[in-house]
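Visitor: Hi! I'm new to reading protein structures. Could you walk me through this one?

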Amino acid sequence: MEYFFLWKSLTIDQTGRLKTFKLPRWNNLDGSEFHYMDFGGIMEEERTFSSYTIPTRLRIGWYFGTERFESEGEFFRATIDDAIYR
């Protein structure tokens, strides 16, 4: 299931879990003039800490939705092992 809100999209599964997000982001990675490029991420896993469920393994980067994301766009990976809320 995919939802579109103005210029961004969220993909969620049948239980309401966020799977991917995509939005245009302003940059000039290729050295040209600034322009919007696809940016997004994949939520690979989620866990519950103190009754709050959050994404705990994710990958984020440029060129989301294309082969370039895997080869050169992904620049951030995170795994959350624990969460403490204050």
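Visitor: Which side chain meets R68 in a salt bridge?
Guide: That's E72, with 3.2 Å from N to O. Keep in mind that this is a predicted model.

Visitor: Where do R68 and E72 sit?
Guide: They are both in helix 1, which covers residues 67-73. R68 and E72 are four residues apart, so about one helical turn separates them.

Visitor: How exposed are R68 and E72?
Guide: R68 counts as partly exposed because its relative accessibility is 38%. E72 is partly exposed as well, at 49%.

Visitor: Why do side chains like that pair at all?
Guide: Opposite charges can pair when the charged atoms of the side chains come close.

Visitor: How many salt bridges does the structure hold?
Guide: There are nine. One of them joins R57 and E44, whose closest N and O atoms are 3.1 Å apart. R57 is in strand 5 (residues 52-62) and E44 is in strand 4 (residues 35-49), so this pair ties together parts that are 13 residues apart in sequence.

Visitor: And what is the relative accessibility of R57 and of E44?
Guide: R57 has 33%, so it counts as partly exposed. For E44 the value is 33%, which also makes it partly exposed.

Visitor: Which residue does E74 form a salt bridge with?
Guide: With R77, and their closest N and O atoms are 2.3 Å apart. R77 counts as exposed, because its relative accessibility is 60%.

Visitor: Which residues are joined into one network?
Guide: Salt bridges with shared partners link E44, E45, R57, R59, E70, E74 and R77.

Visitor: New topic! Is D13 buried or exposed?
Guide: D13 is buried, yet it has no salt bridge. The nearest side chain of opposite charge belongs to R17, 4.2 Å away.

Visitor: What does the side chain of D13 contact, then?
Guide: It makes a polar contact with the side chain of T15, at 2.8 Å. The D13 side chain also reaches the backbone nitrogen of R17 at 3.0 Å.

Visitor: Where is D13 found?
Guide: In the loop between strand 2 (8-12) and strand 3.

Visitor: Last one: which residues make the nonpolar surface patch?
Guide: W26, F34 and Y36 make it, and the patch is about 400 Å². W26 lies in strand 3, residues 18-27. W26 is partly exposed, with a relative accessible area of 48%.

How values were computed:
Residues are numbered from 1 along each chain as its sequence is written. This is a predicted model: local features need pLDDT of at least 70, side-chain atom pairs count only at pLDDT 80 or more; totals for chains, interfaces and linings use all residues. Side-chain values use heavy atoms; hydrogens and water are left out. Patches are made of residues with over 30% relative accessible area and no salt bridge: like charges are joined within 9 Å, nonpolar side chains (Val, Leu, Ile, Met, Phe, Trp, Tyr) within 5 Å. Accessible areas come from the Shrake-Rupley method with a 1.4 Å probe; for residues, only the protein chains shown count as cover. A salt bridge is a side-chain nitrogen of Lys or Arg within 4 Å of a carboxyl oxygen of Asp or Glu. Helices (H or I, at least four residues) and strands (E, at least two) are DSSP runs, numbered from the N terminus. Buried means under 20% relative accessible area, exposed over 50%, partly exposed in between (1.4 Å probe, protein chains only). Lys and Arg count as positive and Asp and Glu as negative; His and the chain ends are not counted. A polar contact is a pair of N or O atoms within 3.5 Å; within protein, one must be able to donate a hydrogen and the other to accept it, and residues adjacent in sequence count only if both atoms are side-chain atoms.
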